[in-house]
Amino acid sequence: MKHTEMDTNKTVGKPISRLEGKLKVTGTAKYAAEYDVDNLLYGYVVNSTITKGKILSIDVSKAMALPGVTEVLSHKNRTKLAWFDLQYTDMDAPPGTVFKPFYDENILYNGQPIALVVAENFEMARYAATQITFEYSEEPFQTCLDNNLHSSRVAKKGFATALKPPPPPPTGDFEKAYQNATIKVETEYRHGTEHHNPIELFATTTVYEGDGKLTIYDKTQGTINNQLYVANIFGLKYKNVRVLAPFVGGGFGSGLRPQYQLFLCVMAALHLKRNVRVVLDRKQMFSFSHRPPTVQNLRFATDTDGKLTAMNHLSKSETSSFEDYFEPIASWSHRLYPASNTLFEQELVPLDVYTPMDMRAPGGSTALHAIECTMDELAYKLDMDPLELRLINYTEMDPSAEKPYTSKALKACYLEAAEKFGWEKRTPKPRSMERGNKLVGYGMATGIWDAFQFPSRVEAMITADGKMILNNAVTDIGTGTFTVMTQIAADELGLPMDDVDFRYGDSKKPFSMFQGGSAMTSSTGVAIVVAAKELRKKLLKKAKEMTDSPFKKVEDNEVTFKNGTIALNQNPNVTVSFKEIIAFNKGKTIKTTNMGKPHLLKLKKYSMATHSASFVEVEVDKDLGTVTVTRAVTAVAAGKIINPKTAKSQIYGSMVWGISKALHEETIMDEKLGKYMNTNLGEYHIPVHADIQQLDVIFAEENDEVINELGVKGVGEIGLVGMPAAISNAIYHATGKRIYKLPIHFDELL
Amino acid sequence: MNNFEYKQATDTKDAIDLLSHSPEAAFVAGGTNIIDLWKYNLTNPSSLIDINHLHENAEISMLENGKTRLGAAVKNADTAYHPLIGQKYPLLSKAILAGASAQIRNMASNGGNLLQRTRCYYFYDPDVPCNKRNPGSGCPAKAGYNRIHAILGTSEACIAVFPSDMCIALAALEATVNISGPNGERNIPFSQFHRLPGDRPDLDNTLEPGEIITSIDLPEEGFADNYSYLKLRDRHSYAFALVSVATALKLNGNIIESARIALGGVAHKPWRNVEAEEFLKNKEANAENFSAAADIILRDAKGFGYNDFKIALSRKAIIRNGLMALNPTSQLPGAQPSA
Ligand SMILES: Cc1cc2nc3c(=O)[nH]c(=O)nc-3n(C[C@H](O)[C@H](O)[C@H](O)COP(=O)(O)OP(=O)(O)OC[C@H]3O[C@@H](n4cnc5c(N)ncnc54)[C@H](O)[C@@H]3O)c2cc1C
């Protein structure tokens, strides 16, 4: 296809506002807990108040006696289900024994769901939940990572290992090289637990359609994942379970796995043969997955020129007693920096908590904080500008895989961000810059994140009105997927965006993985390209069949799709509209369903990643230690940017998250009680407006001809990865203090 | 949250009557605290008496003796933005505006602010012991995660902190709390309104059951020339104080004629130390003297591990805020440290 003439109408590359924005800001968009359903029952979950042990007895008599209470479900009276682990396994399940709600009397962690009260209204269900008494026998538990580092072990392998490989084997002889090196740094970093806390609470509304049929409105990042989960567990036919999630109020990873409210809601609906809704409250949002706390030990050495010679990264992170949640941490440095002697090890510490889970830039944001702070320390040891140290160790290759990247514009990120930031104004000595009562610090760090692509299937069609409809099960978790997919489809068919109807968030539609891994634009976007190509073929073929068609003899590349027509390149006045083609087709839709998938054979020779560079200015009060991130610039190299506006929003959001991770966010475990204590948004601190000042985003040009048909990577996570280290490094530069943990509290700078 | 009856009181007397007829009842003003406590199952009143419509308590007025009266039903935001308060008692405005969020301040009442309960994590979790919530059950905060807890005036039983910002300014300004009850009216000086936990941490203050706060009186002296409120916390807005300081000075040149220093975030009540304030009298207003005053205030301060930093932080905050009071325009929104 020749594009020259179409280009002015192109939407790809334009900052298009979110198509569903108005629905969201006017409250018109409906979320899982908001569907009006007749004869609805309301479920309220009761959670364990002990951390480990057994439920000896449950007394529900007082609760059941309350007006409007229909049922109390627990392990005592749950429906009989398939109890094979495999049937509970979701697409994101780590190796181990999947958690099965209401399985038996055993308590595995504090906050475990142990009963569901179902009542005619939410308030009564919630009240009745307080009237149930549980008798427990308690057992000793372990919830403290630090106290249990000795029991660490390597992770079991399973399905999930494909996307999250263990660290590569050692190279060279690290210990020897490190011992002999003169310039070296040894660090230990600790990170706290974080909970995803999307603003939309986890909720499920199950419509009981009869005959083993369910329609489920669920808060999830993956409609098909949850459809399969429900069907497998409850022995229903796949086609009889429909999961819908047209709007998702944030996910950040928490919706990659089905959460327990889905299970409980469906169980209640089937048991009572009624429509049921279960909504978790904010406190209960802390009763499942989270980013695991970690302890990381690093030893890096360079030669006198600053070239890395030896890198050792050891990570120990929390997992549950029943599943081995593994996110790559120890292996990242070698994807950035070459060194001949490497030793990467990663282990898990099983504790009496729920299984951790992917949370925005899982592993990467944890690892790069430690790596890039260690690099900063090396720069000081070498008396070298931290940026220069990065450039000295720069490579276009992926040293860990010994393959080239499909594209890597990280150098441009460094240089463009440094210039925009004004890095050259930095005086290297700590505590050398100030402004009134404040010490000023500049810090920088590198980010790297995976560029995944999953198989995705798109149905695309042109209807009688000449418009295009596309179907795909993908969700839009607030990322802009809906808008971006519409843009891609519009351009591929030469239609205005108004004439493209992308339908999504529904398990009935052709396959998509859950929205995650910053992979949706590459996955469903590529599937749209593939389907659109086929659709163009079919349209042209039909056009050729038309009486006296001027297209009879033309090849695919001799026409242009433009404004809902096919036009001859040689004579653009010769056109046939999609409407005419469909009319000729007796009004019948022309459609195609195609799979987009990564070209594995070709890609085998390459590594794939997005990159970023973050530059941060902080002000730290000289007396009081209070920290303000006054400016931050993040440059991102992530292939082609389909929509600079929604993409920028993703980077802004992740930069804010980076500030949050560096300075605010942490779920506090009381180790004696074995439970989290700050389980509300008043005490679980994320930044507010006053904490966020000037943020700038740059997209470095990165033409990737190899990675996929669109040349896209993903932007959902990369913006977070470099920020925490850049902030930590800026704080060091301002104060001369290295804080070896996150979050950094201001009193540590007193 | 249990089912409950809802009643609207028409005037103060009606409110007192309604409460006296139903001992399990509770007043609701802005509801920003009691509704939360209720949803967390920390309280379960049988009926809710709405006191938002007591017109006699809904105004801010200048009294004949030069005092200013803040109606208990006036919203925190309306109080902070009231011209009289802004001009005569800017310390109070600043403190209120450093608290909570705009939305909460729009709802929160002056009476309710005085009676808000601690934010101690352990108090807020009905499934763990807490002497304040469940006397005699124990205090896991002492050996637990006590970053937000008290360093002054603690007891064996309780190390919780009274979380208000507004009340720190009211303490510094030496306000009086006006109260009505079944036995008539009385008033309590601010320093005697909130109490230390001792062996009765379940009691936050000296209000008797059945009583209602009708208003708060501010003395004529508002310290409008030299004052400052400084609030230190884990984010720049919408977080409770780890340490806050209200400083009010009467200066003659650079010599302190009288000083008031009240600390928040460090004790079970707004913390004042008369000895330190006396010490500052007739001294030069400078860092050295504020530091010496801080030494006096913090002499008996004691940390419990995670909150040890509050001692050093309080000292530095007292000094900085003293200096900020010399130049009140150096105050920043959200009571952040001066630039
Ligand atoms: C997320 C969050 C953050 C906050 N942050 C801050 C902060 O940073 N700084 C700060 O100072 N505050 C903060 N607050 C607390 C807020 O200031 C208080 O909740 C508010 O002042 C309470 O007032 P209210 O009118 O809503 O009280 P209500 O919740 O209506 O009542 C509180 C209590 O007072 C009783 N009561 C109310 N009025 C009277 C009266 N006239 N006489 C007798 N009894 C009465 C009620 O019965 C109840 O027991 C925060 C609150 C929240 C929810």
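At what angle do helix 6 (residues 223-234) of chain A and helix 7 (residues 260-272) of chain A pack, and how far apart are their axes? The angle is about 50° and the axes lie 11 Å apart; axes are lines fitted to C-alpha atoms, for helices over the stretch in contact, and angles run from 0 to 180 degrees between N-to-C directions. Helix 6 of chain A is therefore oblique to helix 7 of chain A, given that angles under 35 degrees count as roughly parallel, over 145 as roughly antiparallel, 65 to 115 as roughly perpendicular and the rest as oblique. The crossing of the two is right-handed, that is, the near helix is turned clockwise from the far one by less than a right angle. Helix 6 of chain A contributes A:Asn226, A:Tyr229, A:Val230, A:Ile233 and A:Phe234 to the contact, and helix 7 of chain A contributes A:Leu262, A:Phe263, A:Val266, A:Met267 and A:Leu270; contact means heavy atoms within 4.5 Å. Nine of these residues are nonpolar, one is polar and none is charged.

This is a predicted model, in which local features need pLDDT of at least 70 and side-chain atom pairs count only at pLDDT 80 or more, while totals for chains, interfaces and linings use all residues. Residues are numbered from 1 along each chain as its sequence is written, and side-chain values use heavy atoms, with hydrogens and water left out.

Chain B has a helix pair of its own. Helix 5 (residues 90-97) of chain B and helix 8 (residues 166-173) of chain B pack at about 160°, their axes 7 Å apart, which makes helix 5 of chain B roughly antiparallel to helix 8 of chain B. From helix 5 of chain B the contact takes B:Leu91, B:Leu92, B:Ala95 and B:Ile96, and from helix 8 of chain B it takes B:Met166, B:Ala169, B:Leu170, B:Ala172 and B:Leu173. Here nine residues are nonpolar, with no polar and no charged ones.

Between the chains, 38 residues of chain B are in contact with 38 residues of chain A. The area buried there is about 3300 Å², of which carbon and sulfur atoms give 58%; buried area is the accessible area (1.4 Å probe) that two parts lose on being put together, summed over both. B:Tyr121, B:Arg235 and B:His236 supply 20% of the area that chain B buries against chain A, more than any other three residues.

Two backbone details belong to chain A. A cis peptide bond, with omega about -5°, joins A:Leu742 and A:Pro743. Phi of A:Asp383 is near 60°, a positive value in a residue other than glycine.

How values were computed: Chains are lettered from A and ligands numbered from 1 in the order in which they are written. Helices (H or I, at least four residues) and strands (E, at least two) are DSSP runs, numbered from the N terminus. Ala, Val, Leu, Ile, Met, Phe, Trp, Tyr, Cys and Pro count as nonpolar, Asp, Glu, Lys and Arg as charged, and the others, Gly among them, as polar.
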